[in-house]
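User: Hi! I am new to reading structures, and I would like to know what the terms stand for. Could we go through this one together?

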Amino acid sequence: MITIRDLMTDKQLFGDQFNADSWQAWRTLLAGFEGLPLDNDELALWETLTGRTQAPDAPADELWLVVGRRGGKSQQAAVLAVREACFRDHAAKLSPGEVATVLVISADRKQARTVFRYVSGLFHSNPMLERLIVREDKESIELSNRTVIEIGTASFRSTRGYTLAAVICDEVAFWRSDESANPDAEIINALRPALATLNGKLIALSSPYAKRGELWNAYRRYFGQQSQILVAKAPSKLMNPTLPDKVIEQAKERDLAAAMAEYEAEFRNDIQSFIDVNLLNQLTRSEPATLPPDRRHRYKAFVDPSGGGADGFALCIGHREQSGRIVIDLVTERIRTNPAQVVEEYAGILYQYNGLKMVTGDRYAGEWVANEFKRNGINYQYSEMNRSELYLEMLQMLNAGRVELPPDDRLIHQFQNLERRTSRSGRDTIDHPPGLHDDRANAAAGLAVTLAAKPPLMPAPRWE
Ligand SMILES: Nc1ncnc2c1ncn2[C@@H]1O[C@H](COP(=O)(O)OP(=O)(O)O)[C@@H](O)[C@H]1O
Ligand SMILES: [Mg+2]
C-alpha cells in the first residue's frame, strides 16, 4: 500500500514537489497521522507540532491543524484529497452503483477555487494519476476507481446521499453564516455519519481565530493528548520555511494581534463572543414573531438603513411596559430592495402602530434616509450613540433581564455572531465578523436603548 510518505517522496508520485527539506514538517506530521514510524529528527518535530511525547504507532481518525497563513494548508489539503481518493481501496466496501466521495469544504468560493487548482494541478502533474480521471469540471474530478473528489463551500447544506471517503475542511475557523452561529459544528456533525461506512478521515486545516468553534474545541481538548483525534499547531514559518520574514514582520507592524493569529498560529485573546447564547434564549418569547399593535402602548421605532445591497435595511418597533421592561414587538428587514420603496413600506407599518411618526437611526446613514422618511411624513432622529455604544448599553439591559426579544432566528444569530474586541486603548468595540451582517441586531439594540432612555410617562430609570 502506498503511504502519504511514499506519495510525498517517491519521484514517480509527488516526490519532485514535496521531497525538498522545506516540506519536512508536513511530511513528519502527515506520516505521524498515518501512524508511520518517524526518525529521531522527525520525532523532535512531532513533539513540537502535536505536543505529544509518544511516537505515533497507529493511524488517527481525525486531524486538526492549526497552522498560520501561507503555511501550505490548502496545498496539503489537496495532497490529502488525492491520497484518500486514489490510494485507498474503497471499491470493496461500496454497493453496486455507489461512489465514494472525498469532500473538500472551503470557507468561500475563492478558497474553494484555490484548493481545486491545487488538486487539479496534482493530477495533471502525474501521468499515472491523470489517466485515472474520467471526468473533470469546475468543482469535481471523477476517477475510474469509483471515487469522486468534490470541492464545495461552507454554505453547503445538502449532505444526504453521500458515502464519504474523507472530509477535508479548509480554513474551518472562518466558516461563517448569517443563518447559523456555528456552521462549522452543524456541517461537520451532519457529515460524520456519512464517513462511517468507509471509515473515512476527517481532516481540518485552518489558521486560528477567536477561542470559539470546532477548531478551538479540538485544540483545547486534544492537543498534546494520546487520542484518535490528532491536533497539531504551528506557525507559518515552521511549516513553510520559504516564507519570507518580511511578510510576517510587516503584518505585525500593521496589526500585531491579527498577525499573531495569522502567522504565529495563536488563537486570538482580543476577540470574544459578545453575548451568551443561553441569555438570548431566556429573553426570547416563544411566540408570536410579531406582536400586533395595541392601543394602550406608546411605540418607538429604530431603523438600520442600507442602500439596497446585500446589507439589509432593518426596522424594529417596540414599547416599554409600566414595569420598565422593554418589549421588541416587531423586527423586519428588506434585502436587495430599492431603499425608497422600503422607506415607503416602513412608513405604512409605522402608521399601523398607533400612527407612529418618528424613527431613530444611525447618524452616518446619509441624509437621503432622513429625507426619504420625511417625504413619507416620518421624522428621522439621529441616534446619539454609535453601534458599539448601543450594543454595550443593550448588554446591560439584557443582563438585567429587562428586554423581551422576538423569536426571530436571524436576529438571534446576528446577536450570537457579534464579536467583542478589546483594544489596547481600553475601549471595546462590538461588531459583526467580516462578511456577516448585524442590521437586525443593530436595530434591536438601538430600539432598546431609545426606549430605555426617555420614558413616556415616568422618570428615566438608569441602567448602570
Ligand atoms: N513547506 C513549504 N515549502 C515550500 N513551499 C511551500 C511550503 N508550504 C507552502 N508553500 C507554498 O506557499 C504557498 C501558500 O501555500 P497554501 O497551501 O496556499 O497556504 P495556506 O493555505 O496555508 O495559506 C504555495 O505557493 C505553497 O506552494
Ligand atoms: Mg489556504
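User: Which helix gives the most to the shell around ligand 1?

Analyst: That is α5, with three residues. This is a predicted model, where local features need pLDDT of at least 70 and side-chain atom pairs 80 or more, while totals for chains, interfaces and linings use all residues. Residues are numbered from 1 along each chain, chains are lettered from A and ligands numbered from 1, as written.

User: What makes a residue part of the shell around ligand 1, and which come nearest?

Analyst: A residue is near a molecule if its C-beta atom, placed from the backbone, lies within 6 Å of it. There are 14 such residues around ligand 1, and Ser-22, Gly-72, Lys-73, Ser-74 and Asn-240 come nearest.

User: How do the residues of that shell divide into nonpolar, polar and charged?

Analyst: Four are nonpolar, seven polar and three charged. Here Ala, Val, Leu, Ile, Met, Phe, Trp, Tyr, Cys and Pro count as nonpolar, Asp, Glu, Lys and Arg as charged, and the others, including Gly, as polar.

User: Why is α5 called a helix?

Analyst: A helix is a DSSP run of H or I with at least four residues, a strand is a run of E with at least two, and both are numbered from the N terminus. The protein chain has 18 helices and 17 strands.

User: What makes a set of residues a nonpolar core?

Analyst: Its members are buried Ala, Val, Leu, Ile, Met, Phe, Trp, Tyr and Cys residues joined through C-beta atoms within 7 Å. Buried means 20 or more other C-beta atoms within 10 Å of a residue's own (exposed: 12 or fewer; partly exposed: in between). The largest core here has 83 residues, and Ala-81 and Val-167 are among those with the most contacts inside it. Another core, of 46 residues, lies apart from it and includes Leu-411.

User: Which residues is Val-167 in contact with, beyond four places in sequence?

Analyst: They are Leu-103, Ile-105, Leu-191, Leu-195, Gly-200 and Leu-202. Contact means that the C-beta atoms lie within 7 Å.

User: How do you know that β11 and β12 pair?

Analyst: Pairing takes at least two DSSP bridges. Eight bridges join β11 to β12, so these antiparallel strands pair. One bridge links Leu-315 to Thr-332 in β12.

User: Why do β14 and β15 stand at the edges of their sheet?

Analyst: The six-strand open sheet runs β14-β13-β10-β11-β12-β15. β14 and β15 each have a single partner strand, so one side of each lacks a neighbour in the sheet.

Technical notes:
Two residues are in contact if their C-beta atoms, placed from the backbone, lie within 7 Å.
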